[in-house]
Amino acid sequence: MATITEVEITEFSFTARNLGVSSDKLRAIYNMGYKPNSSLELTKFAIVIRSDDGAQGEYVMHWGGSRSTMAQTLSLAPSLLGRDPDHRELIWNEMKRELRQHDGMGIGPIDIALWDLAGKRYGASVSAMLGGYRSRLKAYASTYHGDRNGGLDSPQAFADFAERCYELGYRAYKVHGWHEGDAKEEARNVLHVAKAVGDRMTLMLDPANELRTFADALYVGRACDEGNYFWYEDPMRDCGVSAFAHKKLREMLKTPILQTEYLRGFETKADFLIAGGTDMLRSDPEYDLGITGAMKIAHLAEAFGVDVEIHACGPAHRHCMAATRNTNFYEIALLGPDCPNAVPPVYTCGYSDQIDAVDKDGTVPVPTGPGLGVTYDWDYIRSHKTAQQVFRL
C-alpha cells in the first residue's frame, strides 16, 4: 500500500494578449473578451500529490482554476496525508461530505491528480483505466462573448469567424452572444450565423444566462428553432438552476435544452433531469468534483438515455470523453479572432487547446501516455509563482 506524503499547491500567473474586460463591467470575473492592444493577467493553480513509493500525480487547472476553487482545495489538502492514493472513491466521498456547505469544486483538482498518479503507477492512461475507446474527439469552436471592440462585434463578425473555424477543420460552432442580453440582437445573430454556415456546421447557442426574462429566452429560443440549432444552453438569469422554468421553455421550443453546468454533483443533476428541466446534461471534471464525479454524471445520463456534453477543455476532459459513449463534441473554449484561448501555456509535450489544435477532420487527440499523458513545464509554473503551499506528512 502506498501512502500520500506530500501535497503541493502552486498559484501562478500568465498574460493573455488582446484580451480584456469591457469598461462598463470591470468587476465582472468572467467578462473577458477581445480587446486589441491590451493584455490580461490571469492566475491559475497547479497541484502535485506525491506518495512514498516515488509516484506523483499532477494537474494544472484550466477554466475551473479560480481562487475560490483553490481555497477549497487548500482546505482539503491536509486530509490527504497518510491516505492510500488508490482509495479514490473513498477519498472522493469523504471530501464531498467535508465540502457539503460549499459547491465542492475544490475536489476536482485533487481527484484528477489522484487519477494521474494512479495511471503513472500502473503505466496506463486515464482513458485506458476508464475503459476508453475513442482516440480522437470531434471538437467545436466555442466563441468568446460578443464585444464592441472590433472582434466579435456583429452578426457578420460571428459568421466570418465561423468560416475561419470551418477552414481550420471545425464542423461545429457555438455562439456566446453579448453581455447586454438584448434578445432581438441575439436572435438576429442566431439567424445570421445559421444562414451563413448552418448547412455546413452544427450550431449551438449559449447566452450564459445573460437574457433577462423568460420572454427573452423564448424569443431567442424560437430563433434557434428557425436556425436548426443543435442545442440552446443556459439562456436565463435564473443562472441555470430552475428546473420548472426550463421545463416550460422545453415545452415551447423544439431546440434541445442543455443545462446543469451550474449544478454540482450527480444527485442535483438527476433531480433536474427527472423534473424535466433539460434534454441533455452538462459535466466537467474540473467543475463536477473530478474525473470520478464526471464519470458518475456520464453514467447517470446513460441510465436515462440522454446525452452528456462535457464542458470546456483540458486533458482530464479528453480522457472522460474518450470513455463516454453518450456524448457528441469536445468544447475548445474560448476562441475569438486574434486572441488566445485563455488557458495556461504550461505544456512541453505539444498538448494544446488553442484554435489550431484540431486536425483538418475537426478532431483532437486523446493523450496516450501514462496518467493524463501530458508533461507540464514546471520551470514556467514556478518562475511565474504568485503563491505556494506545501503540506507534508
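Trainee: Is phenylalanine 230 buried, partly exposed or exposed?

Mentor: This is a predicted model, where local features need pLDDT of at least 70, side-chain atom pairs count only at pLDDT 80 or more, and totals for chains, interfaces and linings use all residues. Residues are numbered from 1 along each chain as its sequence is written, and side-chain values use heavy atoms, with hydrogens and water left out. Buried means under 20% relative accessible area, exposed over 50%, and partly exposed in between (1.4 Å probe, protein chains only). Phenylalanine 230 has 30% relative accessibility, so the residue counts as partly exposed.

Trainee: What kind of pair do phenylalanine 230 and phenylalanine 329 form?

Mentor: Rings of Phe, Tyr and Trp (its six-membered ring) pair if their centres lie within 6.5 Å. Planes under 30 degrees apart count as stacked, over 60 as edge-to-face and the rest as tilted. Here the centres are 6.0 Å apart and the planes stand at 90°, so the pair of phenylalanine 230 and phenylalanine 329 is edge-to-face.

Trainee: Is phenylalanine 329 buried or exposed?

Mentor: Its relative accessible area is 8%. Therefore phenylalanine 329 is buried.

Trainee: How many residues apart are phenylalanine 230 and phenylalanine 329?

Mentor: The pair links distant parts of the chain. Strands (E, at least two residues) and helices (H or I, at least four) are DSSP runs, numbered from the N terminus.

Trainee: Which residues do ring pairs link into a cluster?

Mentor: Phenylalanine 230 and phenylalanine 329 both belong to the cluster.
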